[in-house]
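The following exercises are to be worked with the sequence and the three-dimensional structure at hand. Each task is followed by a stepwise solution.

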Amino acid sequence: MKDDNNGDLAARPPFSPIIRRALARADQTQVEARGIIKSHMIGAMSVGFIPVPIVDGIALTDIQWNLICRLADHYGVPIQAAYRTLLI
């Protein structure tokens with residue numbers, strides 16, 4: 001297949017170096033986010049072994065709010081200070 005401006009399309013790489021770097025950064029960001037989620041998931045599973053329901057619920061809520069704050073920081077989403085103090 002021929003491109004009128006640049007010759008053979010098969011000889012051109014599918015993405016520019018800038019786009020490839022952006023895709024690599026996005027993949028790395030996703031891997032790091034999965035690591036954050038995995039660590040919180042393991043913590044939540046271990047809290048599930050606590051036999052006291054109220055303590056279990058408080059600990060799970062704390063883990064979930066911590067996960068929200070960490071993911072928000074990771075992706076650069078601002079959380080208002082008032083909400084952050086309620087969450088942590």
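A residue is termed buried under 20% relative accessible area, exposed over 50%, and partly exposed in between (1.4 Å probe, protein chains only). The model is predicted: local features need pLDDT of at least 70, side-chain atom pairs count only at pLDDT 80 or more, and totals for chains, interfaces and linings use all residues. Residues are numbered from 1 along each chain as its sequence is written, and side-chain values use heavy atoms, with hydrogens and water left out.

**Exercise 1.** Determine what share of the chain counts as buried, and the order of its elements.

*Solution.* Of the 88 residues, 10% are buried. Helices (H or I, at least four residues) and strands (E, at least two) are DSSP runs, numbered from the N terminus. The chain has three helices and two strands, in the order β-β-α-α-α.

**Exercise 2.** Is His40 buried or exposed, and which residues does His40 touch?

*Solution.* His40 belongs to helix 1 (residues 17-47). Its relative accessibility is 11%, so His40 counts as buried. Contact means heavy atoms within 4.5 Å. Leaving aside residues up to four places away in sequence, His40 touches Ile63, Asn66, Leu67 and Arg70.
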